[in-house]
Structures are given as C-alpha cells and as structure tokens.
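Please open the model in your viewer and keep the selection tool at hand.

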Amino acid sequence: LSAMGEPSMDPTIAADSPAQQDSLFSMTDVFLISLITGLFTYWFFFRKKKEEVPELPRMQTVAAPVRDSSFIEKMKKTGRNIVVFYGSQTGTAEEFANRLAKDAHRYGLRGMAADPEEYDLSDLSRLSEIDKSLAVFCMATYGEGDPTDNAQDFYDWLQEADADLSGLRFAVFGLGNKTYEHFNAMGKYVDKRLEELGAQRIFELGLGDDDGNLEEDFITWREQFWPAVCEHFGVEATGEESSIRQYELVVHTDVNMNKVYTGEMGRLKSYENQKPPFDAKNPFLAQVTENRKLNEGGERHLMHLELDISNSKIRYESGDHVAVYPANDSSLVNQIGEILGTDLDTVMSLNNLDEESNKKHPFPCPTSYRTALTYYLDITNPPRTNVLYELAQYASDSGEQERLRKMASSAAEGKALYLSWVVEARRNILAILQDMPSLRPPIDHLCELLPRLQARYYSIASSSKVHPNSIHICAVTVEYETKTGRLNKGVATSWLRSKVPGQQGSSSQVPGQQGSSSLVPMYVRKSQFRLPFKPSTPVIMIGPGTGIAPFMGFIQERAWLKQQGKEVGETVLYYGCRHEREDYLYREELARFQKEGVLTQLNVAFSRDQAEKVYVQHLLKKNKENVWKLVNEGMAHIYVCGDARNMARDVQNTFYEIVSEFGNMSQPQAVDYVKKLMTKGRYSLDVWS
C-alpha cells in the first residue's frame, strides 16, 4: 500500500515550493490538498475493492485444476457408455484400449479410451448413472510387478479405497511377460480389487503374454469378450465392420516453419530452448562425449557411451534407468516414401475427428511425414493385426486383400498365417509393402495406424557420486537376418552406435538426426534397484553380458565410499561372457577395482571357451558355501541383472538349491525363504526379455 500511496504524496511536494509568499495560505493550501489527496486515496482503494469482489470467483474458477477430471461428465456429454482405461509404459496397452473403444460402435455402443492419470478414478462408483455402462481396464505390468507410471495414482487409490463399487460392471485385460517373476501382477490385482470393492465382473480376466504372442492373446480374449458384453446388455452386433478413420488429414501449404514440430516430444522448440525439469514429455538433449567399442572380437558390437548431463539439473542414483528417444533409419523412411509415391517433406496435421477427445493428434502436429516416420512412429516392429485389417482395403489385388483380412481374423488359420508370415518372419511395414505390390495405402492413414516409437531404457552404468555430470550406457547392437533374408537392425542401438562424440548438431539440424549429430534426447527413470543403506552390508552382484551395467555403477560407488573412509562390506561379482578374449567387458576396470580391494571377489564364467558351457549359476554352485555364509550370516543383498528368460530363472533356482542344502530346508521352504528376501529388498532384479 505504501508504494501505491507514494504518487499521491507528490502534489504535496509540488505545493510546498511556492510557500515563501504567504505561510498561512501555504499551510491552508497544504491542508486542503492533503484532505483532497486523502479522500482520493480512500475512494481509490474503496473503488478497487468493490471492483475486485465480483472478480474473485471468476479468477478462482480459472485457477482450479479442472483437467477434465470427471470422466463421467465427459461420457454423459459425448454419449459414451464404455470407458477403456489403460496402464501403459510402452504404448501397447494404450493401443489395445483404443482398439476396444473403437470396437464398441459395432454393437451400437460408444466407447472412449482414457488415461487414468488424467481423471479422478473415485468416480467409478458413479458409472452406473449411465445406461449400459462398462469400464474396461487394459493394464500392463512394469518391472517387478509394478504399475506403469500413468497407473501409479490409480493403483494407490485402489489400495486405500473403501468405495462402494457395487453398481460398476468391469472387465480386465492384463499385459505381462511370463519370464518375469510377477507375471501380470497389475492386471490380476485390478481384477481382484475391483471385485473386493463390490464391482461386477462381466468377463474373465485376460492374461496377455509378451514372451509368447501378445497380439494373439488379445484377439482371442477380445473375440470372447464382446459376445459376453452383448449377452449382458442384450445388444447385438450391428454388422458395421467398416474402417472408421479417427483422424482427418490437413495439409499445410503455407505454414510458418517455426510452428512445425521437428522431433520434439512435447513443447514446440523444446530442443532449441531447453528448460528443466526433464522427463518423458520434455527430454534433455545430452551430448555424447564418449562412444567406444568394448569387445575385442566376435560378430557383435558391444559399446560404452557417455552422455553429458552438465547444467541439466538431472540427478540420478546407481541402479536407475536412462531412457533415450531414438530415430528410425533414414533409408527405411525414404523407402516408405518412395513406395507410396509421397513427398515426405509435406507439412500436415492429423486432427482427431472426435473434438471432445483429450488426444487431439496421434503425434505432435503440424509436422512433416518425414519427421513423423523418423521420430514419432514405429516402422521396424511387425505391425499388429488391426493395422493389417485397416490396410486391407487399399490392396487392389483381391488375393492380397484376402490374405491381409485373413491374418487379421480370429480364425485359427488366420492366426497361424499372421504368426508365420508377419511375427516369425519379422516383417515390418516396409517389408509388407515390398512383398504386397498392390498394397498402396495413403500415407496419412498409414501414419494414423502405426504405433508410436517408444523410448528405450538402459540400466545406468555409472555412479553419480563419481560421475555427477555424466551418465554411462553399456549396450549391444541388435542386428539379425530374418527368414526372408532381410537384415533387421535394432532402432536404438544402431542409432546410438552412429553417434560421434563431440559433434554438435547445428541449430538448423533436427537434434538427434540419424548419424549427423552427437545429441541424444534422454531422461532418467527412477528404479528400486538400490545399494544397501549401510555400506558395510555385503553385496552379491550377478550380471552376465550387458547385465554388468548397473554393477559398474555399484562398484564405482563402493570405491568412492571406501575413499570417504567408510567401512565397506564384501563386494562380490559374478560376471559371464562368451569368450575371454572377445567380449570380456570392462576387463581392465574390474581388474583395477579388484587390485584396490574394492571388488573382493571377481568370478567370471566364459560360456564358450571350453567344451561344456559354463554360466554364472555354475560358479554360484561352485562357491555355494561362501554364498550361503554371505546371505545367512552377512545379511548380504543379492542383485541380478540381465536376461529374464533363462539366466534370471536359472540363478533363482540355484539360490533355492543353496538355501535348501545349507539352511536344511525343503524345496518349498527354500522358495519361501528367497521370496522373503525379495519382499525385504534383499533380492533385487533388473531384467529384460
């Protein structure tokens, strides 16, 4: 207020200067002016308040976190009766949810896919207000039985909720992988918990297995799910099988190029004008400062990369994951453009025909076809059956059209054909276009159908205590020949391999452009894979191949703790590779850590250097007494990183044997003992399949 009053004091100063002539008049003058000024000030503030009173409610409504949090209101407003929520980490559950929502029109129903992060799920108790209403949940399980990032709040609510969901009808399809310990934990939990809260299950829980054929599991479940819905609501299929476009194409002929997306994940120009915090929607562009080959021989290319995170405010802990957004190979992109006879530099937008949808575009728009196919769309994985079904209409040859439709059907013959011709042959969209000469879809419809290109996660191979401004990655380049004789390359590893340290992408370049820049869009994802709180606790680390990555960070950290004068417990590593002279990763660093006494045991299995294959689990058995002593007496923490399908399971079985033998326990007791170690955080896994 004093600041606002200051200008009103100025007239008094101005009136003071002619005071020499007549002091009485001058005093009267000052008094009158002060009185007028006071009245004016009082009126000014009084008027201000009167104006502000009606303004307050309006301001409050603007500031309130509306975020469309009531999906019930949205469903009522748009005439929907089926809501399909998805818990998705890599986009597959979201894709399945969209397919189910789209299916609904075939039965005279209307569906919408919904991200649980965007809504208040306590509204589930109100869904019965809508006639023929149903909630479907496509829930992926992430990591060790965890919810996906976008389903974390929903999971927390389910755990704490005491809501009465007796009017709710639901169905759940889970997405998991049988090679993991907690197969489909999230799908199973949601299904069980909703029933406990009184909701009515109208169709059995579906369990998709990504280690087998997730697409087939989904189709099989879906083909039985819809008849159950029809029976429950007394509705019938309308026979409408026609392809319905979700987005409309708008071509921009005269557009300001500063308004066009060139690869950004969220905010336009976010790569040119970087602002923390950095996350999945706002990745940091890290400079590659080192990219070296780790192996000395063999056909594979194993590499060590270092990403500079200086000035990013990014913090990480040993055991965390780094996510990188790769780019597709430009030659694949160009070939798709050539086959479809398209100018890839055409700037366009795909706009959602459903104006009420939260998802306005399938990827950032406006953009060019080239950018979409390079940075936003997955063009290297075999397409799912719904893509084939939608594309079939564009095959001018009736035989090719029939083949595509058959592969998208639920018939046994069709499923077998899809499995052999697409999945096992690893045919991506380019290969399908090449092998079906009459199939020439409009490029905009193809872009609408292809799934989003996802970030790739790597276990961080460094400690922030030693490398606060750098994140290290250890990876193997994926490259293989398919049954059709094509050479398929891993998107991210091939792209990372091409990164040249220190080569700055010019400002006109799209950051991360294939092979021409050293910049990597990245962010850090927190993990539960953590060193013990007490440095004196022994650790047993088991990580063959690139599974050694997080343990390089662990060992660096234990070395740093030792330098700080801390008492550091035994640090034991079980590492494995094919040949000692070919792919023994970080050999010199590990030898140095052992010499310094940080690494108290270095056990290395060379699987192919002798007639009989030797793996890490064989070395664990060989040292079983020492292993048991560390676990039982030393209260050691066990860490396993690498292949989930075979290695992690074999290692776990070995621990069952050791516990059973030295703990004098039966097999079921030994299994229970190891499971308890997991519950207590003393047996941790960071595995992939």
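Begin by selecting helix H11 (residues 398–407) and helix H12 (residues 412–424), whose axes come within 7 Å and cross at roughly 105 degrees. H11 is therefore roughly perpendicular to H12, a term for angles of 65 to 115 degrees. Axes here are lines fitted to C-alpha atoms, for helices over the stretch in contact, with angles from 0 to 180 degrees between N-to-C directions; helices (H or I, at least four residues) and strands (E, at least two) are DSSP runs numbered from the N terminus.

This is a predicted model, in which local features need pLDDT of at least 70 and side-chain atom pairs count only at pLDDT 80 or more, while totals for chains, interfaces and linings use all residues. Residues are numbered from 1 along each chain as its sequence is written, and side-chain values use heavy atoms, leaving out hydrogens and water.

Next, show the side chains of Arg403, Lys406 and Met407 in H11, which meet residues of H12 including Glu413, Tyr418 and Trp421 (contact means heavy atoms within 4.5 Å).

Now move to the open sheet, where five strands follow the order S21-S20-S19-S22-S23 with parallel pairing (strands pair if DSSP finds at least two bridges between them). Strand S21 (601–606) and strand S23 (683–688) each have a single partner strand, so one side of each is left without a neighbour in the sheet.

Within the sheet, select S19 (residues 539–542) and S22 (residues 637–643), which pair over four bridges, and find Met541, whose bridge partner in S22 is Tyr639.

Definitions and conventions. Angles under 35 degrees count as roughly parallel, over 145 as roughly antiparallel, 65 to 115 as roughly perpendicular and the rest as oblique.
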